[in-house]
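Here is a protein model to look through. Which words describe its packing, and on what grounds?

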Amino acid sequence: MTPDPNRLDNLLVENRKFAPPEKFRAQANFNDESIYETAAKDPEGYWAKQAENLTWFQPWNKVLEWDAPHAKWFVNGKLNVTYNCVDRHREGPRKNKVAILWEGEPGDTKVYTYDMLGREVDKAAHMLKSLGVKKGDRVTIYLPMIPELPIALLACAKIGAIHSVVFAGFSSKALHERISDADSELLITADAGWRRGGLIPLKANADEAVVDSPVKKVLVVERVGEKAGVEMTQGRDVYWHDLMKQAPSTPFPAEEMDSEDVLFLLYTSGTTGKPKGIVHTSAGYLLGANTSMRSVFDLKDEDVYWCTADIGWVTGHTYIVYGPLSAGATAVMYEGSPDYPTRDRFWEIVEKYGVTIFYTAPTSIRTFMKWGTQYPQSHNLDSLRLLGTVGEPINPEAWMWYHEHIGHGNCPIVDTWWQTETGSAMIAPLPGLTTTKPGSATRPVPGISVAVVDEEGKPVEPGNGGYLVVTKPWPSMLRTVWGDDERFKKTYWSQFKGYYTPGDGAHLDEDSYVWILGRIDDVINVSGHRIGTMEVESALVDHPSVAEAAVIGRSHEIKGQAITAFVTVKEGVETSSDLVDQLKKHVVEKIGAIARPEEILFAAELPKTRSAKIMRRLLRDIAEGRVLGDTTTLADPSVVESLKQQYKDSE
């Protein structure tokens with residue numbers, strides 16, 4: 001079914017336009033409109049030119065080998081990602097430049113220059129080698145937002161090990177699944193993490209996760225100390241700081257990596273089955289991250305850049321670690337939440353460090369709007385010169401609030417569309433060139449080719465909606481799904497021959513600007529975090545009281561989408577508010593707090609087709625209060641009316 005363009009009716013009449021301020025345009029890294037045409041005519045030449053901003057041990061002899069859907073970029077080129085992110089800066093004028101400004105939740109801070117960061121990474125690389133980690137091994141990392149997290153990533157990349165970061169908010173079961181799929185023998189975790197003054201029991205979760213797993217060693221960072229009350233298993237568990245003390249202080253030589261050697265795995269939810277291990281390789285991924293820092297974020301050497309994401313998600317990989325550091329940036333990294341201990345925490349940090357580039361999620365912006373303007377107004381935000389959004393489409397009202405109350409009308413806003421799978425920003429304004437419209441990601445960045453197509457794969461005319469596709473390969477594209485290349489082909493390349501299909505609907509306006517409609521599959525985007533409906537349904541059905549469950553995402557003014565679950569209980573089970581609480585808790589235990597359903601509705605039956613497929617589309621219509629779509633394929637149409645009334649009564 002083609003995405004419904006009416007879902008964007010409030011955006012399509014958006015006539016406000018914002019040209020880049022002349023002062024900004026004059027100094028922008030990309031301020032010549034011809035860059036789009038140049039890149040479109042010769043994308044390989046464009047990317048080869050951008051690749052000159054990286055340091056290579058051996059030059060490539062071919063830019064691209066394309067055997068759809070498999071790409072090889074910079075064939076036979078050799079480099080090391082960590083050398084590009086740290087060592088080359090240490091060897092030049094950025095040696096004593098600040099790389100990371102770290103702010104802990106309780107207010108503790110650390111500052112790392114590129115030289116200091118390099119010394120820590122080298123020691124960590126020696127430490128990993130002492131544990132037997134070698135090139136190609138997978139290392140699972142389950143850490144809070146502390147400096148040891150980027151240090152661990154960079155140490156893995158330096159020795160050629162493949163890292164797999166698992167978001168610290170995930171449960172032990174989710175961690176176990178990802179460890180097992182990656183076949184990781186080493187897990188790096190912490191005793192605990194801070195969250196709004198409370199403790200996240202990371203080590204306890206890790207202890208459960210490694211049972212019946214490939215893990216042989218658990219490396220534990222001491223973040224909290226005695227309060228964490230951790231138990232160390234002799235022979236398996238070892239403290240990070242103990243091994244770091246023993247590690248040589250000598251430089252660790254960067255492993256020479258082929259362009260296509262795997263850099264990391266990052267698991268993302270799918271519409272069916274287990275999470276997918278997205279595979280990113282060294283040169284192409286790094287190039288996408290590095291180039292977008294200069295093009296989309298207009299990074300200058302004097303900038304103080306802050307992406308508020310967590311490194312457990314791809315945004316943190318690309319725009320906290322690899323993008324900023326490869327470009328020699330000074331980056332802020334924050335451990336806590338935006339409202340602890342007070343609701344002005346973000347603005348306090350912006351003022352404290354003189355942040356110039358600020359990149360956050362629409363979810364956060366909507367939350368700030370709800371809290372009121374008094375919080376940003378209580379701080380001096382004049383250092384800001386560029387704002388960005390990421391994770392989901394931003395509604396025009398939130399865009400305008402961001403523009404007026406955070407940017408004071410002076411800062412271009414770069415609304416970026418991309419995914420775990422794409423590696424780096426794909427559709428976004430170039431802030432020195434693009435006239436922006438509130439709510440639109442505008443145009444594909446130079447070197448990226450996208451289209452909006454109908455069900456037959458034909459490009460739609462401006463003013464129409466359809467499926468968003470990427471029509472040509474790009475350097476930072478995923479290479480496969482770990483251990484399952486057939487799933488890679490089927491998920492991303494089977495719908496439209498030769499086109500990458502991200503699963504988002506889009507609308508093309510009269511100026512050929514792209515408006516993202518959101519997911520057209522059964523993945524729910526909660527606060528920018530992708531949650532697979534199948535994962536939540538599986539967790540619910542795992543509860544002894546549940547016979548069947550269908551999970552959908554409904555619109556939420558703060559989170560973008562909230563999880564609604566329709567649950568059928570087993571015969572003889574009494575439904576109650578207590579059971580609702582039990583089921584929510586059960587999902588948290590199975591997956592993590594991010595997957596907690598916002599609401600659970602008990603249903604005698606679920607709407608199904610004659611082939612027994614649950615029609616989640618109709619459930620979404622019910623939850624959103626929309627006119628119901630086609631019900632002709634239902635086995636029992638009366639089920640929908642019953643559910644509709646039941647949902648109305650529950651509100």
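The questions below take up a helix pair, a sheet and a helix lying across strands.

This is a predicted model, in which local features need pLDDT of at least 70 and side-chain atom pairs count only at pLDDT 80 or more, while totals for chains, interfaces and linings use all residues. Residues are numbered from 1 along each chain as its sequence is written, and side-chain values use heavy atoms, with hydrogens and water left out.

Q: Why is H5 called oblique to H12?
A: Helix H5 (residues 81-90) and helix H12 (residues 314-326) pack at about 55 degrees, with axes 8 Å apart. Under 35 degrees counts as roughly parallel, over 145 as roughly antiparallel, 65 to 115 as roughly perpendicular, and the rest as oblique. Therefore H5 is oblique to H12.

Q: Which residues make the contact of H5 and H12?
A: On H5, Val81, Asn84, Cys85, Arg88 and His89; on H12, Tyr322, Leu325 and Ser326. Contact means heavy atoms within 4.5 Å.

Q: What makes E12 and E15 edge strands?
A: The open sheet has seven strands, ordered E12-E11-E8-E6-E7-E14-E15, with mixed pairing. Strand E12 (237-239) and strand E15 (276-281) each have a single partner strand, so one side of each is left without a neighbour in the sheet.

Q: How do you know that E11 and E12 pair?
A: Two strands pair if DSSP finds at least two bridges between them. Three bridges join strand E11 (residues 217-221) to E12, and the two run parallel. Val220 stands opposite Tyr239 in E12.

Q: At what angle does H11 run to E15?
A: Helix H11 (residues 282-295) lies across strand E14 (262-268) and E15, at about 85 degrees to E15.

Methods:
Axes fitted to C-alpha atoms, helices over the stretch in contact; angles between N-to-C directions. Helix = DSSP H or I, 4+ residues; strand = E, 2+ residues; numbered from the N terminus.
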